[in-house]
Structures are given as structure tokens and as C-alpha cells.
Amino acid sequence: MTIDYLNNPYPSQRNTVFAKNGMVATSQPLAAQAGLEILKKGGNAIDAAIATAACLTVVEPTSNGIGGDAFALVWTKGELHGLNASGPAPQSISIEAVKEKGHDTMPKFGLVPVTVPGAPSAWAELSKKFGKLPLSEVLQPAIDYAENGYPVSPTLGKYWKNAYNSYKKFCTTEEFTHWFETFAPNDRAPEIGEIWSSKGHADTLRQIGETNGEAFYKGAIAEKIAAFSKQHGGFLSYEDLAAYKAEWVQPIKVNYRGYDVWEIPPNGQGIVALMALNMLKDDTFTERDSLDTYHKQIEAMKLAFTDAKKYVSDPTTMTHSSEELLSDSFAKERRELIGESALTPEPGTPPKGGTVYLATADGEGNMVSFIQSNYMGFGSGVVVPGTGIGLQNRGHDFSLDPEHENALAPGKKTYHTIIPGFLTKGTEAVGPFGVMGGYMQPQGHMQVVMNTIDFHLNPQAALDAPRWQWIEDKKVVVEHHFPQHLAQALARKGHQIQITLDGGSFGRGQIIWRNPETGVLSGGTEARTDGGIAAY
């Protein structure tokens, strides 16, 4: 019997999921179950987040991996903590060195765009600071899936095949051989429902667990990564790995209609969502599906993005601080540019002064918003032989223009697209939320926050609602179920509207909200992916 698992001709509906003792929401059901397994073993929401994240490197390798970066927002004991586990550029790299290799811009594939992976350090730091169970036990579900295999889910299979076709075309030299050995062992991508496993991946996770991450940065794994990089002319060295540690940071926020919306500060792009919300916080929105709502959302987002792309980079090199970019005076100045017609955005002058997302919560009130990525799908296309480690290509975002705010430099962190979100009201946590997907992420954050606060949609409906995505200039892409009469009305305002049949580029998100009076958790997950919620 032949079944097309990507053919879903009939509309379906998911209800919000409710639970009391614990909840895990993410883009792959097996990973959500892994987090729930750890909760039931006595772990807390932090342990569950680590278990889910590690499992996602196995069961959704098209979007993240052990060789990627991560960010987290952790609510515990009435306080929100931020973790930046993005890695810097290698110390030996430079604009000149990249240009000497024949590149005018940072390449997408190969070892040149590889930055120090931060995800294993994120797991170790979270476990050490807030976890209840040993890291080795928390990583065991992921190890089991890597060792024994699992059946490929529908959305995963779709993107795996797309990646294979792309890498087959562009990644043809020797350094890419081990990607094909690991992720296309039969000279093709695994089919939907087919079992895939990776013993090397299991061994790497086991070593990370047994050494609390040390093996990855200062042990046998680090030596393998460095040797492979050197063999193929890469810049990443053992010293780069040994010097790295994820950084605890103070989250940034804006107050939007009585709620505090939180993001990780730059080098992440979460500030884009906050800047857009800051512009709109004094407007009144009574109806979600209205021309006025969509027009103002789009205009605010394009202004915020244009400013961020000019000013956001490694915070140690930024010429304008987060406080300046989020100031009320700057928001007011930018808001005044929003008129009746679509504008072509230019940066303002502030006052001087492929990704997976998961959310977890436990019965004690701990909550985690976590995101990790190899950047563009599988990342660089480079896998360290025998390890299952696909290295990220995050360095692709660096500019080779020395005058650019995000210019490549040794030890510098690039502008980063992956962002976890969190919502609080007063001293109480409302909960974690996120929408993954490159430059869609802050756009998704703003739309989900407004769906929740302005339009009172439940978590599942807030995610299900049709989305728009600003691309550049006046170009805006909308989903196929976006109201046609509103798309036409936006076009009359000068927006260049395109309708797409594939919802993959509009992000894949999860939400968990907590009732402060009862402790009851309510969660939503994406219909745009293989998403699942595990709860008890």
C-alpha cells in the first residue's frame, strides 16, 4: 500500500493541551516524549529541556545538531535567567584570510563559515546551574534514538530530501563526504517512515553526558573536530573550542499592554520583535483580521528589522546599545514614519547612549524557552567523521565589508537569528513561547504576542492563525489561507503581496502558558511541522 504522508487534503484542528504536573512542547513528538520521560523520572523543566534539545539533534537533524548554537530563557524561583550559547568566529579567521580563499562574501557551505558550536555548552551549563538529574541520564533518551534508530516523520522527511538534493549539487568536494555517509547512507535521503540511526551520534552524546560537556571542548571530541578542520583548511582550532563557555546574560524586555515581553539581548535578533512592539504599544487594535492591524504590523516590523540589520552584532562591538534601540524616544520617532501607504524602509539613528524550538514546564513552576540551530538546515554540510556532528554555518551571516557593524573578526559573535521568547505579567510567569525559522522568527514572535494579548487567542489558535512575512523593501509573503480580501487591500496600500502554498517558511512555534492561580499549564504546537505536546 502506497501512502503519501505529505498529502493532507482535509482541514484538521488541534485543541489546546492542558496538564498540571508537566509539559513539553516541540516540533517533533519523539523529542517531546523524551522530555516527558525525564520529568517523570524526577527531573525538572530544565532537565526536560536539555533532554528534548539533545533528542532533537537526533530526530530532527534537518534543523539542528550537536555542532550548532543555542539560547535559553529559564524561569525559576520567581526570576528569569538568560543563556547565550552562541559561539564566536575562530581566532585565526579574518576578512583577508577568507578573501585569500577566493570568497567575496562568506560562503554557505564548507569549513569557512563554521563558528564554535555552543549547544553542548548550553546543555552542560543548564544542567550544572539548575538541573536535578545527572547530564548522562538526561541525554539517555537521545542516545537510545541515535543508537537504535527511529522512523522519519513527514515534515522531517520532506526537508531531509530537499537538503540532500541541495548538498548533492553544491557539496561535491572531499570535506563533505562524511555528511553523505551519515545522513544519506543509501545514497539518498531516508524516506518518510524509514528507520535512521547514527552510532557516531550516540557515542558523542554519551561522551558529552559522562564528562558534562568537557569531552566536546577539551577532550577527544575536540581533538577530532580540530584535526578535521585543519585537514581541510578550516579555521576552527582546538584552542577555539577549549576557550569557549556559554554565557549567562540579562534578558531584555519591553512592556506591551501590561505584559513584559522578554528576549535574549544581542547578538540575537530578539530585539527586532521588541522594537516593533515598542512602536505599536500605544496603538489600539480591536480586530486581528483587519487592514489597519496588518498594515501597521508590517510597517513596524520592516522598520525594526532595517534598524537591527544595521546596528545589531556582537554586543562588545555595537555602536548603539539595546537600551538605545529600545528607548521610547526612538520608538516614537520610528512610529511616526508609519503612514497610509507601504514604505521602503531606511535605518534610523538611535539616540546615543533551519532551527528547533521547545518549551517546557513542570509542576514546581519552573519553565524554559529553548532554541537551537545549525543555521541553514543541516548547516555547513560538514560532518566530523565518526561523530555524527554536523557543524553549523552561522558564520555565513558575517559581512566581509570592514565598515559593516557585523564585519567578520576573530573571536567575534555574528548577528544571530535564533531567539527564545518569554512572557510575564507583574511578578508572575505567563510562560515560554517561540517561533523558529531564520528571519521569520521575530516576525512570528510579534504576531504570536499580539494574537495572545490584543486578540485573546488561545495558545493553539495563536499559532494556527495565518501569518505574513516581510522579505525586503515592500515585498510581503502571506500564507495561502490568509484572507484574500485583506491581501488585496494591502496591495492597494502599496505592499507587494505574494501568496505561497508552502507554509514552511512561516516558522514553527510552540507555546506554554501557566495559570498563576491554579498552576494549570496550557500548550499549543505547530501544524506547520511534526509538532507534538507531551504532558501529564
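Leu423 stands opposite Gly431 in strand 15 of this predicted model. Strand 14 (residues 421–425) pairs with strand 15 (residues 428–436) in the antiparallel sense, over 5 bridges. Two strands count as paired if DSSP finds at least two bridges between them. Strands (E, at least two residues) and helices (H or I, at least four) are DSSP runs, numbered from the N terminus.

The model is predicted, with residues numbered from 1 along each chain as its sequence is written. Local features need pLDDT of at least 70, side-chain atom pairs count only at pLDDT 80 or more, totals for chains, interfaces and linings use all residues, and side-chain values use heavy atoms, with hydrogens and water left out.

An open sheet is formed by 7 strands, with antiparallel pairing, in the order 1-20-19-15-14-9-8. Strand 1 (17–19) and strand 8 (252–256) are the edge strands, and each pairs on one side only. From one strand to the next, the twist averages 20 degrees.

Helix 13 (residues 270–280) packs on the sheet and touches strand 8 and strand 9 (259–263). Its direction makes about 25 degrees with that of strand 8. Helix 17 (residues 441–453) lies across strands 8, 9, 14, 15 and 19 (508–514). Helix 17 runs at about 140 degrees to strand 15. Contact means heavy atoms within 4.5 Å. Axes are lines fitted to C-alpha atoms, for helices over the stretch in contact, and angles run from 0 to 180 degrees between N-to-C directions.

Met1 lies in the segment before strand 1. Met1 counts as exposed because its relative accessibility is 93%; exposed means over 50% relative accessible area (1.4 Å probe, protein chains only).

How values were computed. Buried < 20%, exposed > 50% of the residue type's maximum accessible area, 1.4 Å probe, protein only.
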